[in-house]
Amino acid sequence: MTSSNLRARADIATPNRTKDIIRKHGFTFKKSLGQNFLVDKNILDKIVAAAELNPAKGALEIGPGIGALTERLADEAGRVAAVEIDTRLIPILRDVMEGRDNVAIVHGDVLKTDLPALWEEQFAACEQVSVVANLPYYVTTPIIMKLLEEGLPLESIVVMVQKEVAERMAAAPGGKDYGTLSIAVQYYCEPRLVCIVPSGSFIPAPNVDSAVIKLKRRPEPAVIVRDEAAFFKVVHAAFAQRRKTLQNNLSLLAGKDRKQELGALLEGCGIKPERRGETLTLQEYAVLTDALLEAGVV
Ligand code: SAM
């Protein structure tokens with residue numbers, strides 16, 4: 001099949017074609033699986049452009065649905081693996097992807113999938129691999145954390161998420177959106193908001209706006225830390241209760257009897273003890289973690 005043929009077939013992302021496929025297979029949406037299918041070609045163009053794919057690269061899609069994004073990825077990338085949890089969608093995907101020999105449909109829950117093994121199996125010949133997906137919103141954060149923490153050789157993650165979650169990932173210190181998710185994402189990646197997506201771009205329409213965000217994996221983490229686990233432990237403790245001061249939140253780690261000592265330790269790091277977790281930069285968290293390690297608190 002020539003690439004122009006493939007391109008001519010890339011037509012699932014329209015309301016009529018989506019409705020046709022759904023009708024043909026008697027498919028009914030499951031809200032519990034976050035099933036909102038994209039029917040807006042302009043948004044698909046933006047997702048695919050942001051992923052910067054080419055035939056030497058691979059794409060991992062999470063939740064292909066009926067394949068609207070999958071077929072576009074198959075046009076651009078050398079290899080596509082699409083992991084779908086819903087058994088009912090597997091025959092539909094096999095049907096709509098027929099003739100595309102660079103697509104593997106994998107049935108499973110991405111949170112339980114052995115991703116390093118899948119990498120070996122599907123992407124061994126690819127120069128680089130990106131995750132490109134319209135994520136199921138009920139599990140966005142666990143999926144992103146799994147992708148970041150498993151140390152996969154990823155080039156980038158380009159995903160549709162709830163607008164509010166995209167804003168949290170990209171947030172700078174000092175605002176209400178900045179939190180543990182912002183720090184985890186920014187530690188591993190450089191986030192860039194690609195576009196805001198209105199709910200009318202999906203069937204059925206979700207009751208929130210969405211956004212496409214690109215997380216470009218950094219070659220090295222944003223800050224140098226001696227102990228990554230300790231760094232994230234400190235970050236989580238600092239946000240345990242958002243309204244509390246750092247000194248109070250960190251006392252939960254150190255023990256209440258060390259509150260005074262903690263105050264001095266924070267001052268020693270150049271951090272006022274009455275500041276709140278949401279005001280610290282990643283660099284300040286790195287310095288603070290080292291001091292807390294030194295003091296035997298973490
Ligand atoms: N990619 C399609 C599109 O853009 O039209 C569908 C996106 S829809 C928002 C999310 C998809 O993720 C659904 O097909 C759903 O069945 C699937 N899904 C939900 N939870 C999943 C999980 N844990 N692992 C893999 N797929 C999942």
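This is a predicted model: local features need pLDDT of at least 70, side-chain atom pairs count only at pLDDT 80 or more; totals for chains, interfaces and linings use all residues.
How are helix 10 and helix 13 oriented relative to each other?

**View 1. Packing of helix 10 against helix 13.** The axes of helix 10 (residues 228–238) and helix 13 (residues 282–294) come within 9 Å and cross at roughly 105°. An angle of 65 to 115 degrees counts as roughly perpendicular, and the two helices, helix 10 and helix 13, are therefore roughly perpendicular to each other. Helix 10 contributes Ala-230, Phe-231, Val-234 and Val-235 to the contact, while helix 13 contributes Tyr-285, Ala-286, Leu-288, Thr-289, Leu-292 and Leu-293. By class, nine of the residues in this contact of helix 10 with helix 13 are nonpolar and one is polar, with no charged residues.

View 2. The ligand has 23 residues around it, of which Phe-37, Gly-63, Gly-65, Asn-134 and Pro-136 come nearest. At least two residues of this shell are supplied by each of strand 1 (37–38), helix 4 (68–76) and strand 3 (79–84). In terms of residue class, the shell around the ligand comprises 14 nonpolar, six polar and three charged residues.

View 3. Val-129 lies in strand 5 (residues 128–134). This residue, Val-129, counts as buried because it has 23 C-beta neighbours inside 10 Å, the criterion being 20 or more. Apart from neighbours within four places in sequence, the contacts of Val-129 are Lys-57, Gly-58, Leu-60, Phe-123, Pro-153, Leu-154 and Glu-155. Val-129 and Leu-53 are separated by 76 residues in sequence, with a C-alpha to C-alpha distance of 8.7 Å in space.

Note on methods
Residues are numbered from 1 along each chain as its sequence is written. Axes are lines fitted to C-alpha atoms, for helices over the stretch in contact, and angles run from 0 to 180 degrees between N-to-C directions. Helices (H or I, at least four residues) and strands (E, at least two) are DSSP runs, numbered from the N terminus. Angles under 35 degrees count as roughly parallel, over 145 as roughly antiparallel, 65 to 115 as roughly perpendicular and the rest as oblique. Two residues are in contact if their C-beta atoms, placed from the backbone, lie within 7 Å. Ala, Val, Leu, Ile, Met, Phe, Trp, Tyr, Cys and Pro count as nonpolar, Asp, Glu, Lys and Arg as charged, and the others, Gly among them, as polar. A residue is near a molecule or strand if its C-beta atom, placed from the backbone, lies within 6 Å of it. A residue is buried if 20 or more other C-beta atoms lie within 10 Å of its own, exposed if 12 or fewer, and partly exposed in between; C-beta atoms are placed from the backbone.
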